[in-house]
Amino acid sequence: MRCVIARFPFDLVKSEVVAKMKGVKPEPVTGEYVIIGRHHYPVKQVGEVITRQDRRDFSAGEVTRALTRLGFTCRPAPGTEPAAAERTAVETASAQLGGAPEQG
């Protein structure tokens, strides 16, 4: 499957991603993660391994989209509440600035 990560095109195949991650020790999960085999890997760690780029060059969302399209199970950061994903950008920014959410 062709995808773009950090403005560079990659041809990814699920079996190749699994092979590249074999023997790689998972880092502690603090953000979004992907399940590969029996292991939970942070998506940034997987992105770094499969693209050989610095993880500051791409977002977790780019890698998550690519891995989801390949058929991997990706999950949000542990402890994040599902309702937070349903907020609009304005509501999220308001909450971060300490504002009260609007009642509609």
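Biologist: What share of the contacts in the protein with a separation of 6 or more comes from residues 24 or more positions apart?

Modeller: The model is a predicted one. A contact means heavy atoms within 4.5 Å. Among the contacts with a separation of 6 or more, those between residues 24 or more positions apart account for 50%.

Biologist: Which strands stand at the edges of the open sheet?

Modeller: Three strands form this sheet, in the order S4-S3-S5, with antiparallel pairing. A strand at the edge has a single partner strand, so one side of it is left without a neighbour in the sheet; this applies to S4 (39–42) and S5 (73–75).

Biologist: Which residue in S4 is the bridge partner of Tyr33?

Modeller: Strand S3 covers residues 33–36, and four bridges join it to S4. The two strands run antiparallel. For Tyr33, the bridge partner in S4 is Pro42.

Biologist: At about what angle to S4 does helix H2 run?

Modeller: Helix H2 comprises residues 43–51 and lies across both S3 and S4. Its direction relative to S4 is given by an angle of about 80 degrees.

Biologist: What percentage of the residues of the protein count as buried?

Modeller: A residue is called buried when its relative accessible area is under 20%. Of the 104 residues of the protein, the share that counts as buried is 29%.

Terms used
Residues are numbered from 1 along each chain as its sequence is written. This is a predicted model: local features need pLDDT of at least 70, side-chain atom pairs count only at pLDDT 80 or more; totals for chains, interfaces and linings use all residues. Side-chain values use heavy atoms; hydrogens and water are left out. Buried means under 20% relative accessible area, exposed over 50%, partly exposed in between (1.4 Å probe, protein chains only). Two strands pair if DSSP finds at least two bridges between them. Axes are lines fitted to C-alpha atoms, for helices over the stretch in contact, and angles run from 0 to 180 degrees between N-to-C directions.
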